[in-house]
Amino acid sequence: MNTIVKHISQLLFHHECVILPNFGGFVCNYKPAYIQSVQHKIHPPSKQITFNKNLINNDGLLVNFVADKEGVAYEQALKKVENFVLSVKSKLKLEQEVCFEDIGTFVMDKEGRIYFEPSSSENYLLTSYGL
């Protein structure tokens with residue numbers, strides 16, 4: 001797992017919105033528990049991850065977290081995040097699928113629209129831990 005993706009994933013446990021500067025924001029919405037009657041499964045409450053391409057301004061949360069966790073200066077952490085965003089954008093322009101492990105997958109269509117499919121492998125709602 002890429003370190004930037006790992007940091008985003010860690011932040012989603014404690015924050016309702018994590019912005020990847022110049023790319024977009026991951027927004028968490030509460031999803032109540034539900035029952036799949038056909039498969040006889042009960043799913044606990046969770047945070048549903050959505051992506052908002054309009055949230056591009058750096059709020060400092062992710063970059064400060066990267067700087068703190070990796071023990072580097074803010075400017076170095078910002079450069080690392082910017083390089084990651086450039087890498088993701090270039091992969092998407094080549095019409096490749098970009099997967100953020102435990103968060104979701106991005107795909108760009110021929111018209112340049114980015115689509116996000118959230119992953120269901122991780123429950124980011126801490127109060128549902130163990131359910």
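## Close-up views of a predicted α/β chain

Read along the sequence, the elements follow the order α-β-β-β-β-β-α-α-β-β-β. The model is predicted, so local features need pLDDT of at least 70 and side-chain atom pairs count only at pLDDT 80 or more, while totals for chains, interfaces and linings use all residues. Residues are numbered from 1 along each chain as its sequence is written, and side-chain values use heavy atoms, with hydrogens and water left out.

**View 1. The whole chain has 3 helices and 8 strands.** Helices (H or I, at least four residues) and strands (E, at least two) are DSSP runs, numbered from the N terminus. The C-alpha trace spans about 50 × 40 × 25 Å along its principal axes. Of the 131 residues in the chain, 34% are buried; buried means under 20% relative accessible area, exposed over 50%, and partly exposed in between (1.4 Å probe, protein chains only). Among contacts between residues at least 6 apart in sequence, 52% join residues at least 24 apart, where contact means heavy atoms within 4.5 Å.

**View 2. Helix 1 (residues 3-12) crosses helix 3 (residues 74-93) at roughly 105°.** The two axes come within 10 Å. Axes are lines fitted to C-alpha atoms, for helices over the stretch in contact, and angles run from 0 to 180 degrees between N-to-C directions. Helix 1 and helix 3 are therefore roughly perpendicular; angles of 65 to 115 degrees fall in that class, with under 35 counted as roughly parallel, over 145 as roughly antiparallel and the rest as oblique. Helix 1 contributes T3, I4 and V5 to the contact, and helix 3 contributes K80, V81 and F84. By class, the contact of helix 1 with helix 3 has 4 nonpolar residues, 1 polar and 1 charged. Ala, Val, Leu, Ile, Met, Phe, Trp, Tyr, Cys and Pro count as nonpolar, Asp, Glu, Lys and Arg as charged, and the others, Gly among them, as polar.

**View 3. Helix 2 (residues 61-70) packs on helix 3 at an angle of about 115°.** The axes of helix 2 and helix 3 are 8 Å apart, and the angle makes helix 2 roughly perpendicular to helix 3. The crossing of helix 2 and helix 3 is right-handed; a crossing is left-handed if the near helix is turned anticlockwise from the far one by less than a right angle, and right-handed if clockwise. On the helix 2 side the contact consists of L62, V63, N64, V66, A67 and E70, which meet Y74, A77, L78, K80 and V81 of helix 3. The residues of this contact divide into 8 nonpolar, 1 polar and 2 charged.

**View 4. Helix 2 has L62, V63, F65, V66 and A67 buried.** The buried residues of helix 2 pack against helix 1, strand 1 (17-20) and helix 3. G71 follows helix 2 and has a positive phi, near 65°.

**View 5. Ring pairs link F23, F26, F51, F84, F100, F106 and F116 into a cluster.** Rings of Phe, Tyr and Trp (its six-membered ring) pair if their centres lie within 6.5 Å; planes under 30 degrees apart count as stacked, over 60 as edge-to-face and the rest as tilted. By this rule the count comes to 11 aromatic pairs. The rings of F26 and F106 have centres 6.0 Å apart and planes at 70°, so this pair is edge-to-face. Because F26 lies in strand 2 (residues 24-31) and F106 in strand 7 (residues 104-108), the pair ties together parts that are 80 residues apart in sequence. F26 is buried, with a relative accessible area of 0%, and F106 is buried, also with 0%.

**View 6. F26 and F116 form an edge-to-face aromatic pair.** Their rings are 5.9 Å apart centre to centre, with 70° between the planes. F26 lies in strand 2 and F116 in strand 8 (residues 114-118), so the pair ties together parts that are 90 residues apart in sequence. F116 counts as buried at 17% relative accessibility.

**View 7. N22 has a positive phi near 65° and is not a glycine.** N22 is found in the loop between strand 1 and strand 2. With a relative accessible area of 43%, N22 is partly exposed.

**View 8. H40 has a positive phi of about 55° although it is not a glycine.** The loop that holds H40 runs between strand 3 (34-36) and strand 4 (41-43). H40 counts as exposed, at 72% relative accessibility.
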